[in-house]
Amino acid sequence: MFILELTYTAPLERVEALLPAHLAWLEQHYAAGTFLASGRKVPRDGGVILAVAADRAAVEAVAATDPFVPGGVADYRITEFIATTVAPALAAHRETLPS
């Protein structure tokens with residue numbers, strides 16, 4: 001499982017201009033089962049996405065396609081973790097520690 005943390009690198013006016021494309025990108029990855037939750041940070045200086053992917057390279061490739069990235073308005077920080085404890089709704093994503 002991965003935490004994708006976005007940090008805006010441009011004024012909100014430029015972020016807002018790309019928001020419709022970013023939201024369509026989010027919907028695409030929710031439909032594919034990659035994204036589990038997302039939202040704006042408070043204060044609004046970026047956002048957070050909870051994602052699942054086969055490996056770090058796969059999630060990095062997905063993040064690179066966010067319209068915010070080629071648009072030059074956000075950077076990503078990606079943290080991988082092993083989700084050994086999850087809410088019942090996320091039971092399909094429970095992981096076990098490597099031996």
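Buried means under 20% relative accessible area, exposed means over 50%, and partly exposed lies in between (1.4 Å probe, protein chains only).

## Basis of the model

This is a predicted model: local features need pLDDT of at least 70, side-chain atom pairs count only at pLDDT 80 or more, and totals for chains, interfaces and linings use all residues. Residues are numbered from 1 along each chain as its sequence is written, and side-chain values use heavy atoms, with hydrogens and water left out.

Helices (H or I, at least four residues) and strands (E, at least two) are DSSP runs, numbered from the N terminus. In a regular strand the side chains alternate between the two faces of the sheet.

Two strands pair if DSSP finds at least two bridges between them. Here 4 strands form an open sheet in the order β2-β3-β1-β4, with antiparallel pairing. β2 and β4 stand at the edges with a single partner strand each, so one side of each has no neighbour in the sheet. From one strand to the next, the twist averages 15°. Axes for such angles are lines fitted to C-alpha atoms, for helices over the stretch in contact; angles run from 0 to 180 degrees between N-to-C directions.

β1 pairs with strand β3 (residues 46–51) over 6 bridges, in the antiparallel sense. Thr7 stands opposite Gly46 in β3. β1 also pairs with β4, again antiparallel, over 7 bridges. There, Tyr8 stands opposite Ala74. β2 and β3 run antiparallel and are joined by 5 bridges. Arg40 has Gly47 in β3 as its bridge partner.

## Helices on the sheet

Contact means heavy atoms within 4.5 Å. Helix α1 (residues 12–31) packs on the sheet and touches β1, β2, β3 and β4. The direction of α1 makes about 165° with that of β2. Helix α2 also packs on the sheet, touching β1, β2, β3 and β4. The direction of α2 makes about 160° with that of β4.

## Salt bridges

A salt bridge is a side-chain nitrogen of Lys or Arg within 4 Å of a carboxyl oxygen of Asp or Glu. The structure holds 5 of them. One joins Arg77 to Glu5, with the closest N and O atoms 3.4 Å apart. Arg77 lies in strand β4 (residues 74–80) and Glu5 in strand β1 (residues 2–8), so the pair ties together parts that are 72 residues apart in sequence. Arg77 is exposed, at 54% relative accessibility. Glu5 is partly exposed, at 24%.

Lys41 pairs with Asp45, the closest N and O atoms being 3.5 Å apart. Asp45 is partly exposed, with a relative accessible area of 37%. Glu5, Lys41, Asp45 and Arg77 are linked in a network of salt bridges. Elsewhere, Glu60 forms a salt bridge with Arg56, the closest N and O atoms being 2.9 Å apart. Both residues lie in helix α2 (residues 56–64), 4 residues apart, about one turn of the helix. Glu60 is partly exposed at 39% relative accessible area, and Arg56 is partly exposed at 33%.

## The surroundings of Lys41

Lys41 is found in the loop between β2 (35–40) and β3. This lysine is buried, with a relative accessible area of 16%. A polar atom of the Lys41 side chain lies 3.4 Å from the backbone oxygen of Leu6. Leaving aside neighbours within four places in sequence, Lys41 is in contact with Glu5, Leu6, Thr7, Gly46, Gly47 and Val48.

## Aromatic pairs

Rings of Phe, Tyr and Trp (its six-membered ring) pair if their centres lie within 6.5 Å; planes under 30 degrees apart count as stacked, over 60 as edge-to-face and the rest as tilted. A search of the whole structure finds 3 aromatic pairs. Tyr8 and Phe68 form an edge-to-face pair, 6.0 Å centre to centre with 85° between the planes. This pair links distant parts of the chain: Tyr8 is in strand β1 and Phe68 in the loop between α2 and β4, 60 residues apart. Tyr8 is buried at 15% relative accessible area, and Phe68 is buried at 1%.

Tyr30 and Phe35 form an edge-to-face pair, 6.0 Å centre to centre and 85° between the planes. Tyr30 is partly exposed, at 33% relative accessible area. Phe35 is buried, at 3%. Ring pairs link Trp25, Tyr30 and Phe35 into a cluster.

Notes. A polar contact is a pair of N or O atoms within 3.5 Å; within protein, one must be able to donate a hydrogen and the other to accept it, and residues adjacent in sequence count only if both atoms are side-chain atoms.
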